[in-house]
Amino acid sequence: MVLASLLLGAAVTGCASAGEEKEFSADDLLAEAHETMGDLKTVTVTASTTGTAGSSFSSRPTTDLEGRCANKITWTNDGSLQQIRIDGTDYVRPDRVYLARWSGHSAAKDQNRWIRTSAARAKQGDGLVDCTWPFTAFGTAAKGGPTEVEGRPALALKVADEAGKGETQGAYTFYVATEGKPYLLRVVYQGNDYRSTTTFSAFDKPLGVRAPAADTVLDSADAG
């Protein structure tokens, strides 16, 4: 990557004319980071969101960014849901709190059964994730200072939430690696309604996502 060694934001010699120096813009650096992430074959995403009212949830999908991924999402008061998606099939395992809150079924204790269902049945808000991720630059970026993300040198790039208006307006901070490939290491969003932190790791590591053992799986029709 041409910009991989330029992420510290230092001025570098340009090719346009002798003696002229060119400093790559924050937009260029952020676009390069998104391009690098878009080339990944696998990645792990650790995310947490906290609302101003105190509610929160967290998730940790590991994905091939296409059709195979595994995730666990946990809500503050509404239990947790594990998911394995392999192409068009979802395997889901809710805990008893999730069952009681979202499905209307109660259980005396946690169970170890997975429920197999079509991925096409997933609906927004049910906690099931898509294995893809939108690594797309947007807005106008501004350079922040050098920092570290989990021990890795990084550069902060700030982008205003142009979709937000008035009291709902927020801001994103993108942290881009400054050593090795320009991976996007973390994204922090701060708004009036909620704050979220998303960290990326395990770049191009073996995925290891497999379907659950057959004797632990119930078909959705059998599960009722």
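Searching the whole structure turns up nine aromatic pairs, where rings of Phe, Tyr and Trp (its six-membered ring) pair if their centres lie within 6.5 Å, with planes under 30 degrees apart called stacked, over 60 edge-to-face and the rest tilted. The structure is a predicted model, so to speak of local features takes a pLDDT of at least 70 and side-chain atom pairs count only at pLDDT 80 or more, while totals for chains, interfaces and linings use all residues. Residues are numbered from 1 along each chain as its sequence is written, and side-chain values use heavy atoms, leaving out hydrogens and water.

One of the pairs is tryptophan 133 with phenylalanine 200: the ring centres sit 5.8 Å apart and the planes are at 85°, so this one is edge-to-face. It spans 67 residues of chain, from the loop between β9 (114-118) and β10, where tryptophan 133 sits, to phenylalanine 200 in strand β14 (residues 194-201); helices (H or I, at least four residues) and strands (E, at least two) are DSSP runs numbered from the N terminus. Tryptophan 133 is partly exposed at 35% relative accessible area, whereas phenylalanine 200 is buried at 4%. Here buried means under 20% relative accessible area, exposed over 50%, and partly exposed in between (1.4 Å probe, protein chains only).

Phenylalanine 138 and tyrosine 172 make another edge-to-face pair, with centres 5.2 Å apart and planes at 80°. Phenylalanine 138 is in the loop between β9 and β10 and tyrosine 172 in strand β12, 34 residues apart. Phenylalanine 138 is partly exposed, at 36%. Ring pairs also join Phe138, Tyr172, Phe174, Tyr189 and Tyr194 into a cluster.

Phenylalanine 200 shows up again in the largest nonpolar core, which has 29 residues and in which Met37, Leu157, Phe200 and Phe203 have the most contacts. Such a core is a set of buried Ala, Val, Leu, Ile, Met, Phe, Trp, Tyr and Cys residues joined through side-chain atoms within 4.5 Å. At least two of its residues come from each of α1, β3, β10 (141-149), β11 (152-160), β12 (171-177) and β13 (184-190). Methionine 37, setting aside neighbours within four places in sequence, is in contact (heavy atoms within 4.5 Å) with Leu65, Phe135, Tyr183, Leu184, Phe200 and Phe203. There is a second, separate core of seven residues, including Tyr91, Trp114, Val209 and Val217.

Phe203 is also among the residues touched by threonine 42, as are Thr63, Asp64, Ala202, Asp204, Lys205 and Leu207, not counting residues up to four places away. Threonine 42 sits in the loop between α1 (26-38) and β3 (43-51) and is buried, at 10% relative accessible area. Its side chain reaches the backbone oxygen of lysine 205 at 2.6 Å.

As for charges, the salt bridge count is three, taking a side-chain nitrogen of Lys or Arg within 4 Å of a carboxyl oxygen of Asp or Glu. Arginine 85 and aspartate 90 form one, with the closest N and O atoms 2.7 Å apart; arginine 85 is buried at 9% and aspartate 90 is buried at 0%. Aspartate 219 meets arginine 116 at 3.7 Å, N to O, linking strand β15 (residues 217-219) to strand β9 across 103 residues. Both ends are partly exposed, aspartate 219 at 27% and arginine 116 at 33%. Arginine 186 bridges to glutamate 150 at 3.5 Å, and glutamate 150 is exposed at 64%.

Key
Polar contact = N/O pair within 3.5 Å; in protein donor to acceptor, adjacent residues only side chain to side chain.
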